[in-house]
Amino acid sequence: MLQCIFILSDSGEVVLEKQLTGHRVDRSICDWFWDQAYSQGDSSSKLPSVIASPTHYIFHIVRDGIIFLACSQVEMPPLMAIEFLCRAADVLSDYLGGMNEDIIKDNFVIVYELLDEMIDNGFPLTTEPNILREMIAPPNIISKVLSVVTGNSSNVSGTLPGATASCVPWRTTELKHSSNEVYVDLVEEMDAIINRDGVLVKCEVYGEVQVTCHLSGVPDLTLSFANPSILNDVRFHPCVRFRPWESHQILSFVPPDGQFKLMSYRVKKLKSTPIYVKPQFTSDSGACRVSVMVGMRHDPGKTIDSITVKFQLPPCVVSSDLTANHGTVDILANKVCSWSIGGIPKDKAPSLTGTLMLEAGLEKLHVFPTFVAEFRIMGIALSGLKIDKLEVSNVANRPYKGFKALTRAGEYQVRS
């Protein structure tokens, strides 16, 4: 049972406080939390998601620089608390069109109303976005003007949504669409670590199956993959029936209306990456010569674009003169070098060269940076996952079905 939820800014300010039970949790628990964060190098992301204070168990997540923190004095399943905070963050981001300190302050009433419906006396209650949208109207200019004119700031509907009594509470009842259509997207992020010798130490893909559904009535969908055995650490939307997946690796579900994440997965121990980054440093007499080459290691069959290479200049570097034969090079205020390449041309390999001047008294560079690469590939899932077929039943008209894939870089690091 959760007793309180705090929403904190990255500066440490308590943006919102929501007491959930009769036992009031003092705000001093936030000061204790920040003391623990500062002891870990001024970063709350390095703290475990669950920590025990002298008086409470503290659960927290970080989204877009906003910290969601929940407290409980009694033992409870930690995943339930973490999952609820993730649901709350997703719902607020969806309702408010983004999330930062100013947006939350401008929509206090909406945030409090949503939390009132999502959790009751410390226990999660209604977390489905479709039902919440019927209960509480999302903020817009008209509703804000009416609240000023009438003095009524409440957005809560006076009627209970019909889906609350349905066996599929994630779907609004009696839905009708002029054109039946469903789209399935495979969105993947590749995490890789390459050591200074160019050897691939780690390479895995985190992926999501995202569905956009506009089907009338109560449709029943079945999605199957050509190679489901490669999937690890799968996680499903509540609409997925677990037994068909457990026995035949088939996704059977009644979908929510609109866009939602059907499942997430991980594919481990991949053998190759689409691009290479080869840095080289040669230092002598207080100067360091830099050479970085980028090229295609493995042709995925689709265009690789939005390539960017970043690295942090060492603290001992006082000035830099870097140029590239393709793309643009910028030195940001925090001494991060950002090389925007875009796509790889066919006639030459992009390269960055230049000189780093070291501080006085230092002959050679002893601290070498880690390079972070970003890229995007449309039309392919680098994990190798392939959709076999999507069957739609219990619909009056034959629906249109669309499929696409996207792979982008996650934590893609090259050590020098």
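These are my notebook entries on what I looked up in the predicted model shown above.

**Ground rules**

I number residues from 1 along each chain as its sequence is written, and I keep to heavy atoms for side-chain values, with hydrogens and water left out.

**Entry 1: the whole protein**

I began with the overall figures and noted seven helices and 24 strands in the protein, where helices (H or I, at least four residues) and strands (E, at least two) are DSSP runs numbered from the N terminus. Taken along the principal axes, the box filled by the C-alpha atoms is roughly 75 × 55 × 45 Å. Of the 416 residues, 44% are buried; I take buried as under 20% relative accessible area, exposed as over 50% and partly exposed as in between, with a 1.4 Å probe and protein chains only.

I then looked up the accessible surface, which comes to about 21100 Å², with 50% of it belonging to carbon and sulfur atoms; the areas come from the Shrake-Rupley method with a 1.4 Å probe, and for residues only the protein chains shown count as cover. Among contacts (heavy atoms within 4.5 Å) between residues at least 6 apart in sequence, 68% join residues at least 24 apart.

**Entry 2: strand β8 and its partners**

I next followed strand β8, residues 181-194, in which eleven of the 14 residues are buried. Strand β8 pairs with β9 (residues 200-214) in the antiparallel sense over 14 bridges, and I count two strands as paired if DSSP finds at least two bridges between them. Within this pairing, Ile193 has Lys202 of β9 as its bridge partner. Five residues lie between the strands of the β8 and β9 hairpin, and there Gly198 takes a positive phi near 85°.

Strand β8 also pairs with β24 (residues 400-415), this time in the parallel sense and over 13 bridges, with Val182 opposite Lys401 of β24. As a reminder to myself, side chains in a regular strand alternate between the two faces of the sheet.

**Entry 3: an open sheet of four strands**

I wrote down the strand order of this open sheet as β12-β13-β10-β23, with antiparallel pairing. Because β12 (240-241) and β23 (387-393) stand at the edges with a single partner strand each, one side of each is left without a neighbour in the sheet. The antiparallel pair of β10 (residues 220-225) and β23 is joined by six bridges, and in it Asp220 stands opposite Ser393 of β23.

**Entry 4: two buried loop residues**

I looked up Thr127 in the loop between β7 (123-124) and α5 (129-135), and found it buried, with a relative accessible area of 15%. The side chain of Thr127 makes a polar contact of 2.7 Å with the side chain of Arg87; for this I require a pair of N or O atoms within 3.5 Å, of which, within protein, one must be able to donate a hydrogen and the other to accept it, and residues adjacent in sequence count only if both atoms are side-chain atoms. Leaving aside neighbours within four places in sequence, Thr127 is in contact with Phe84, Arg87, Val91, Met118 and Leu132.

Pro300, in the loop between β16 (287-296) and β17 (304-312), is buried as well, at a relative accessible area of 11%. With the neighbours within four places again set aside, Pro300 is in contact with Ile377, Ile380 and Leu382.

Asn121, which is not a glycine, has a positive phi of about 55°; Asn121 is found in the loop between β6 (119-120) and β7 and is partly exposed, with a relative accessible area of 45%. Lys335, likewise not a glycine, has a positive phi of about 60°, lies in the loop between β19 (328-331) and β20 (336-342), and is partly exposed at 29% relative accessible area.

**Entry 5: Tyr112**

Apart from its neighbours within four places in sequence, Tyr112 is in contact with Leu16, Glu17 and Lys18.

Key:
This is a predicted model: local features need pLDDT of at least 70, side-chain atom pairs count only at pLDDT 80 or more; totals for chains, interfaces and linings use all residues.
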